Amino acid sequence: MKPTFKLHCEFVKRYKVKHEYVNRSDKDIELWFSLPRESQAQRNISFISLPTPAHVDRHPFLNTVHYYVVKPKEELLISYEFDGYSVSLVSDKAEDTVNLSAEERDYYLRSTPITPTSQELRLEAEHIISSTDDKIEIGRKLFHHILKSYRYSTNFAERGVPSFREKKKGDCGEFAGLFISYCRSLGIPSRMMVGAWAKGKTQAHAWCEFYVENIGWIPVDISAASMLKNPLRNISGVTTYGMYSKKKKYFGSLEGKRIAFSIDINRLLIPVYKNNKDYDNSFPLFKVGDRMLAWGQESIDGTAPYMQPMYVRLNCSMKKLENEAVLGKWKVTEPMVSQIFLSLKNISLTMGLILMLIPIIVTNFFGTFPITLWFNLISTVFFLLFVTISIFRREKNIFVIVLGVLFVFSFMGTISEIYL
């Protein structure tokens with residue numbers, strides 16, 4: 001008998017998200033903004049600031065999109081709160097059934113320029129999964145194949161599955177996109193979740209989900225798993241974003257420390273997006289999927305490639321592409337007590353590094369002084385505080401624990417050296 005599964009969700013914490021967009025040009029900018037939608041991982045969304053839009057596009061299963069015309073020097077501010085939930089695929093009988101309508105199923109099986117489906121991809125996916133017909137096992141085999149065969153990198157100039165398959169490297173959007181292309185080519189509904197880590201300023205991220213009958217949408221984040229293969233990125237990801245420390249956890253689980261701005265890519269924009277045809281010749285072009293695109297000046301057949309959380313129609317007076325001109329900027333904060341511990345953790349790491357470097361520099365130029373031992377002692381205390389708070393916040397891995405043990409021995413050794 002095949003094992004049964006269900007998705008188990010647990011509350012993590014409540015977050016506050018603040019988006020800002022400023023039109024720094026001398027002409028109007030059109031902006032389509034994707035409002036977050038309730039899901040198993042984000043609930044009880046409450047808007048604090050939501051300007052009245054010029055048009056509202058409500059959708060039965062995608063995000064509601066607000067359309068704004070932002071005047072020169074005008075600022076658009078949108079803020080809200082939500083409860084973040086961790087999601088885990090566990091062995092148990094599913095309690096709730098998530099059914100897809102025929103419209104939803106067709107939508108999540110469609111081919112797009114960024115996530116194409118084809119006979120070639122279907123045959124490739126069938127080779128990867130061998131003779132497996134269990135949907136969860138299919139997803140797991142695709143996850144491990146992509147994780148093994150592709151490399152995480154932000155150093156690339158083309159977006160989408162075609163380029164990713166050729167170059168064998170890409171970032172979160174490419175990892176998610178290839179998984180989606182494989183799944184859709186096999187007839188399994190899947191979608192990209194475009195969002196951010198729930199930490200600090202403008203930490204963009206994307207992952208994916210695939211649908212299994214009687215269970216629902218199962219999360220998959222292959223790029224996060226790929227990052228963990230690098231020991232330094234493992235430490236950084238775990239302590240900075242609260243990522244899991246084990247790669248396999250990112251099949252079927254999310255840590256509840258992220259926000260999904262929009263569901264899937266290539267969202268049709270309403271009102272109709274009219275491509276600018278007379279933008280400056282120096283404006284950069286990028287290959288997105290199967291075509292060259294002036295991001296923010298053109299759409300892909302009337303759709304937004306990604307909405308993170310917006311897509312804009314810039315004006316022709318703009319000669320260069322800046323991140324804040326097309327993404328705006330956002331900040332995610334935690335409840336006050338949690339935010340205090342987060343700030344204390346960051347300060348502890350910074351002070352520990354500074355106080356560790358001072359005696360090294362002093363000793364290198366002037367020789368050993370008794371006071372350098374005190375610098376070593378205090379820096380060790382700060383590092384221990386950083387490790388302790390990381391463990392308390394569940395932002396730890398084996399490297400952090402080992403460092404904590406080493407810092408304890410270092411502290412004891414320095415104490416004995418001072419007083420003996």
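**Close-up views of surface contacts**

Glu213 is partly exposed, its relative accessible area being 32%. All views are drawn from a predicted model.

**View 1. Lys135 and Glu213 are joined by a salt bridge.** The N to O distance between the two side chains is 3.7 Å.

**View 2. Glu166 and Lys167 form a salt bridge.** The side chains of Glu166 and Lys167 meet at 3.9 Å, N to O, and this distance counts as a salt bridge because the cut-off is 4 Å. Glu166 is exposed, with 58% relative accessibility. Lys167, at 46%, is partly exposed.

**View 3. Lys320 pairs with Glu322 in a salt bridge.** The closest N and O atoms of Lys320 and Glu322 are 3.5 Å apart. Lys320 has a relative accessible area of 54% and is therefore exposed, whereas Glu322, with 40%, is partly exposed.

**View 4. Arg14, Glu81 and Asp83 belong to one salt-bridge network.** The three residues are joined through salt bridges that share partners. Side chains of opposite charge can pair when their charged atoms come close. In total, the structure contains 24 salt bridges.

**View 5. Eight residues are shown in a nonpolar surface patch.** The patch is formed by Ile391, Ile398, Phe399, Ile401, Val402, Leu403, Val405 and Leu406. Together, these residues have about 650 Å² of accessible area. Helix H11 (residues 398-419) makes the greatest contribution to the patch, supplying seven residues.

**View 6. Ile398 is shown as a member of the nonpolar patch.** Ile398 lies in helix H11, the element that gives the most to the patch. The relative accessible area of Ile398 is 55%. Ile398 is classed as exposed because this value is over the 50% limit. Other members of the patch include Phe399 and Ile401.

Terms used:
Residues numbered from 1 in each chain as written. Predicted model: local features only at pLDDT ≥ 70, side-chain atom pairs only at ≥ 80, totals over all residues. Heavy atoms only, no water. Patch = residues over 30% accessible without salt bridge, like charges linked within 9 Å, V, L, I, M, F, W, Y side chains within 5 Å. Areas by Shrake-Rupley, 256 points an atom, 1.4 Å probe, with all protein chains shown as cover. Helix = DSSP H or I, 4+ residues; strand = E, 2+ residues; numbered from the N terminus. Buried < 20%, exposed > 50% of the residue type's maximum accessible area, 1.4 Å probe, protein only.
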